[in-house]
Amino acid sequence: MPLKPISANTGGEKKIYLLKPRGFCAGVVRAIDVVKIALDLYGPPVYVRKEIVHNKHVVDELREMGAIFVEELAEVPSGARAIFSAHGVSPAVRKEGKDRDLAIIDATCPLVTKVHLEAVKFAREGYTIVLIGHKNHDEVIGTLGEAPEKMILVESVEDVDALQVEDPCRVAYLTQTTLSLDETRDIMARLQERFPEIVGPKSQDICYATENRQMAVKGVAEFCQMILVVGSANSSNSKRLVEVGHNYGVQSYLVNDWSEVDLTWLDGIHNVGLTAGASAPDHLVEEIVGALRAHGYNQLEEVEMVEEDVRFSLPAELANASRLHNISAVALHG
């Protein structure tokens, strides 16, 4: 339920339903701050393994500030400073960084770190670990690396049906943090049918921000004819928002920014929902609001499903250095 009732638009005027929470989550804010503070403290270049977060606009901005994005640590000069992205890395990547004498700053989201620690715990206890996630996603690759011989990736109910495990009574599950709640629920139900003694983490792995943004799309779906989701094509949580919209019977589109909006989508549409994935900057949402207003969408209602006030502290190595140099994340954000 939203914090206040949603007003249905039954008249002829065009209306925007602006969803909240939307955009940057605490893990993304932290990761971006890590890169900006590192650049302030040490000066460019600072190397970043993979995209710090999955958003083209964020990566381009940081690149202009002096960050150099690489696919693998082999591309980083020995002894240089490198940052791990918010999606986390495997132990093998950490070892490579140490072996090459790199000054590593870890921007892994604390919620992803939680999943890694759970994987290690279950592996040590002798469980076969079923990881629910999407193959080749950076987060999944890093998590699988924690216990590659004990972990099996599943992406669907059909994958669960095909599972073969050493001991059906010693099975645990974990999930990628950016999945669809509905999708995961179906897979979990099948896992519990096949392995009644399956165990999982003490609290769910799907992150609060992913859940909140999906709840907002569900809450506004009956009031909208179309939903626009601001986010990059490689952003898992953004793609899940589009899927949720489709599942609730609303035509939904993923766009990087207003330039990717096809104006024919607006034909006959009076009520538009607008949200953003957890790695999308809010200024892109504001630009789309302005563009929609120019196309006659003069009514705007902000729909807030839940108050979001989560904050994560900086990595210890960066927090200590920034205190010495009197640099703060608040100062960077103005």
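Leaving aside neighbours within four places in sequence, which residues is Ile52 in contact with? Here are some notes on that and on the surroundings.

1. First, the ground rules. This is a predicted model, where local features need pLDDT of at least 70, side-chain atom pairs count only at pLDDT 80 or more, and totals for chains, interfaces and linings use all residues. Numbering runs from 1 along each chain as its sequence is written, and side-chain values use heavy atoms, without hydrogens or water.

2. Ile52 is in contact (heavy atoms within 4.5 Å) with Ala31, Val35, Val58, Leu62, Phe69, Ile83, Phe84, Ser85, Ala86, His87 and Ala107.

3. Of its 32 residues, Val35, Ile52, Leu62 and Ile83 touch the most other members. Two or more residues each come from α1, β2, α2, β3, α8 and α11, with α1 giving the largest share, ten residues. Helices (H or I, at least four residues) and strands (E, at least two) are DSSP runs, numbered from the N terminus.

4. Do look at α1: 14 of its 17 residues are buried, so this helix is largely enclosed by the rest of the structure. Buried means under 20% relative accessible area, exposed over 50%, partly exposed in between (1.4 Å probe, protein chains only). After α1 comes Gly43, with a positive phi near 75°.

5. On cysteines, the structure holds zero disulfides (pairs of cysteine sulfur atoms within 2.5 Å). For Cys109, the nearest cysteine sulfur, that of Cys25, is 6.0 Å away. Cys207 has its closest cysteine sulfur in Cys25 too, at 5.7 Å, too far for a bond.

Note on methods:
Core = buried A, V, L, I, M, F, W, Y, C linked by side-chain atoms within 4.5 Å.
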